[in-house]
Amino acid sequence: MSIKQSEIKQSHLLALLVYRWVGLLLKQICLQMTGVLQNYQQGKEVQVMITVTKNFSFEACHHLPHYVGACHNLHGHSYKLSVTVGGNIIKDTNNPKCGMIIDFKDLKQIVKEVAVDKYDHCNLNDYFPNPTAENMVSVISSDIISRLPEGVHLVSVKLWETADSYAEYSILEP
């Protein structure tokens, strides 16, 4: 059984196209890792930031002392907390955290200490005079910022009070 010359050319062409596509993909990934992505379609350079996010949950009760309505009464929530940080990727190959912004384990430890372990199964009124999601996310964010290692900055913290309602603390520029 012989293979036609045109079939060989087609398979070579397909291999070349795949090779070029993979090469462009790898080049784009490398550019993203260094923080600059060249937008080839538009001819513009844009800054990119790599972030990492870790999610948490805790159960707590509270009441809103100034609120007129049901939330004035003591009630509970299953809170969800999402913490996003950014920074430079560690490039020192002698550092065991090379390739990371922050070790997820370290971020988990920080957030557990300043929020999850502190507020889980507690009355939030013992910690906040008016425990709205907005007041809570502000304090939690400040506490996280104070514990982040050098070179790592907070990008955002989202605190969900319910499945479809959250308050967000965002840093617009590091």
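Biologist: What makes you say that E161 has no salt bridge, and how far away is the nearest side chain of opposite charge?

Modeller: Keep in mind that this is a predicted model. The nearest side chain of opposite charge to E161 is K80, 14 Å away. A salt bridge needs the nitrogen and the carboxyl oxygen within 4 Å, so E161 is left without one, although E161 is buried.

Biologist: Where does E161 lie, and which residues is it in contact with?

Modeller: E161 belongs to strand β6. Setting aside neighbours within four places in sequence, its contacts are H62, H77, S78, Y79 and A133.

Biologist: How many salt bridges does a search of the whole structure find?

Modeller: That search gives 3.

Biologist: Why is the pair D106 and K97 called a salt bridge?

Modeller: Their side chains meet at 2.4 Å, N to O. The cut-off is 4 Å, so the pair qualifies.

Biologist: Are D106 and K97 buried or partly exposed?

Modeller: D106 has 25% relative accessibility and counts as partly exposed. K97 has a relative accessible area of 27% and is partly exposed as well. Buried would require under 20%, and exposed over 50%.

Biologist: How close are the N and O atoms of R147 and E113, and which parts does the pair tie together?

Modeller: The closest N and O atoms of R147 and E113 are 2.6 Å apart, in a salt bridge. R147 sits in the loop between α3 (133-145) and β6 (152-162), while E113 is in helix α2 (residues 104-119), so the pair ties together parts 34 residues apart in sequence. R147 is partly exposed at 36% relative accessibility, and E113 is partly exposed at 36%.

Biologist: How do you know that the span of α3 agrees with what it should be?

Modeller: With 13 residues at 1.5 Å a residue, α3 should span 18 Å, and its end C-alpha atoms are 18 Å apart, which agrees. The expected span takes one less than the number of residues.

Biologist: Which residues of α3 are buried, and why can you say that they line one face of the helix?

Modeller: The buried residues of α3 are A133, M136, V137, I140, S141 and I144. Seen down the helix axis, they fall within an arc of 130°, so they line one face. In general, an α-helix has 3.6 residues a turn, so residues three or four places apart point the same way.

Biologist: What do the buried residues of α3 pack against?

Modeller: They pack against β3 (51-62), β4 (75-87), α2, β6 and β7 (165-170).

Biologist: Why does S141 count as buried?

Modeller: The relative accessibility of S141, in helix α3, is 0%. Buried means under 20%, so the label follows. The side chain of S141 reaches the backbone oxygen of V137 at 2.7 Å. Beyond its neighbours within four places in sequence, S141 is in contact with L154, V157 and Y169.

Biologist: And P131, is this residue buried or exposed?

Modeller: P131 has a relative accessible area of 0%, so it is buried. P131 is found in the loop between β5 and α3. Leaving out neighbours within four places, the contacts of P131 include H62, L64, P65 and M136.

Biologist: What is the phi of H121, and why does this residue count as exposed?

Modeller: Phi of H121 is near 55°, a positive value in a residue other than glycine. Most residues other than glycine have a negative phi. H121 lies in the loop between α2 and β5 (122-123). At 64% relative accessibility, H121 counts as exposed, because the cut-off is over 50%.

Key: Residues numbered from 1 in each chain as written. Predicted model: local features only at pLDDT ≥ 70, side-chain atom pairs only at ≥ 80, totals over all residues. Heavy atoms only, no water. Buried < 20%, exposed > 50% of the residue type's maximum accessible area, 1.4 Å probe, protein only. Helix = DSSP H or I, 4+ residues; strand = E, 2+ residues; numbered from the N terminus. Arc of directions from axis to C-beta. Contact = heavy atoms within 4.5 Å. Lys, Arg positive; Asp, Glu negative; His and termini not counted. Polar contact = N/O pair within 3.5 Å; in protein donor to acceptor, adjacent residues only side chain to side chain.
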